[in-house]
Amino acid sequence: MCPPGVDQTCRTTCLWNLLSPSTRQHQQLNFQSDAYCWSPRYFLQESGSNFGAFEKLARLPCPPPVNFNDTHGAARTEPLSLVEELPSELIGLILSEAGMSHREIIAFGLCSSELWLQTLSHIQRDVRDNTAPWAGKPLLCSGTWLTTLPPAIYERYPEEIEAERKYQNVLAQVHVPVSGTATGRGSRGRSAWYGPCPARVWNWTAVSEYENVRGIDCRQKWPEALTINMVDARLSPTASDKIWSDIRMVVDNNRAPIKANDWILLNVTTQQYVQLKLRRSEPGQSPQLYVAGARWLSLDQALILRICWGPDEMETHRLHRGMWAGHCFEVIEDTGARAGWDDVTFEIVEEGKAARATTT
């Protein structure tokens, strides 16, 4: 048994999570649960590997908002309740309360037709505001075994630099390796210092406290919340159909058809870009993009090549020290040359080939 407080991170599987610090969201990358030392390079083996990069990074034009007053049914004759008489601004504040879940908001709206209209307006704003939620914001894929943070994250969180400095000072004073104790992967010998390094603390805090989006965007969350609430709603078939029609109208109103074939992945931090092509999919399916000239390399995989950050011991083809870890990205339509920006499409393809060579 290890004493309390000993860092036992490397005794468990190295898990990888996509982190968006600005939105306080995270998403676990697909991994092999039976693999102790799993690497993101396995993500490159599967042709269909994705984490929803297009939906999270593509800024698409939004259609005009729906006028819900036109969708309302017959005029109400009974008096309004005290809550219903509140100004729409106050009801909007109630619905925007951070502590309210999607399910609770739906339940609030189902209390009356007037509140339902307010709820629909709130859902419409949420879908609009959360379209491409990670666009232009720092993004990285971190491993739980990491020992340092990417330079871009240190720039964003300078307090972590000070924490690392203090940590290294303590190690320099008390770290005394004992012969024969450097056992276990990731071990560097026994030390008087117990507990994880600051980088691991930062990472574990993010994974524990950030919202787990599980690859589901806001368009999927609202129908799921409605499904749960409708079980106990005891509504007539007509009312039920009307509510489902309203939700579908709000969710689908922001799904503009994807027509362009040529797209670009922008690294806003470094002013570099990668040329992308649209892979046509079945109606109703999410659009899939791949790197130009490499149909086997998807947009999602191209990002994983450069945004991963893990321990030095696991570095393979620079995959665990991604030069873009913590940078900001966008996906836009390709409208021509971009003055002052560097095209790194060829470099990405070559890195993809090198990474795939180690997995076959």
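Student: Which residues touch the most other members of the largest nonpolar core?

Tutor: The general idea is that in soluble globular proteins, nonpolar side chains tend to be buried together. A nonpolar core here is a set of buried Ala, Val, Leu, Ile, Met, Phe, Trp, Tyr and Cys residues joined through side-chain atoms within 4.5 Å. Buried means under 20% relative accessible area, exposed over 50%, and partly exposed in between, with a 1.4 Å probe and protein chains only. In this case the largest core has 42 residues, and Leu265, Leu276, Leu299, Leu303, Val331 and Ile348 touch the most other members. Helix 10 (residues 299-307) gives the largest share of this core, six residues. Apart from it lies another core of 18 residues, including Trp116 and Ile243.

Student: What kind of model is this, and how are residues numbered?

Tutor: It's a predicted model, where local features need pLDDT of at least 70, side-chain atom pairs count only at pLDDT 80 or more, and totals for chains, interfaces and linings use all residues. Residues are numbered from 1 along each chain as its sequence is written, and side-chain values use heavy atoms, with hydrogens and water left out.

Student: Back to Leu299: what is it in contact with?

Tutor: Contact means heavy atoms within 4.5 Å. Leaving aside neighbours within four places in sequence, Leu299 is in contact with Ala53, Phe54, Leu265, Leu276, Leu289, Tyr290 and Val331. Across the chain, 70% of the contacts with a separation of 6 or more are between residues 24 or more positions apart.

Student: How many helices and strands are there?

Tutor: The chain has 11 helices and 11 strands. These are DSSP runs numbered from the N terminus: helices are H or I with at least four residues, strands E with at least two. Of the 360 residues, 44% are buried.

Student: Where do the buried residues of a helix such as helix 2 fall, seen down its axis?

Tutor: An α-helix has 3.6 residues a turn, so residues three or four places apart point the same way. In helix 2 (residues 88-95), Ile91, Gly92 and Leu95 are buried. Seen down the axis, the buried residues fall within an arc of 105°, so they line one face of helix 2; the arc is that of the directions from the helix axis to the C-beta atoms. They pack against helix 3 (102-109) and helix 4 (113-129), while Glu89 and Leu93 are exposed on the other side.

Student: How is the aromatic pair of Trp324 and Phe329 arranged?

Tutor: A pair of aromatic rings is described by the distance of the centres and the angle of the planes. Rings of Phe, Tyr and Trp (its six-membered ring) pair if their centres lie within 6.5 Å; planes under 30 degrees apart count as stacked, over 60 as edge-to-face and the rest as tilted. The structure holds three such pairs. Trp324 and Phe329 are tilted, at 5.7 Å centre to centre and 50° between the planes. Trp324 is buried at 2% relative accessible area, and Phe329 is buried at 0%.

Student: Which charge lies over the face of Trp324?

Tutor: A charge sits over a ring if NZ of Lys or CZ of Arg is within 6 Å of the ring centre and within 35 degrees of the ring normal. Arg306 lies over the face of Trp324, at 4.7 Å from the ring centre. Likewise, Lys56 lies over Trp134, at 5.3 Å.

Student: What about phi of Ala132?

Tutor: Most residues other than glycine have a negative phi. Ala132 has a positive phi, near 55°, and lies in the loop between helix 4 and strand 3 (138-143).
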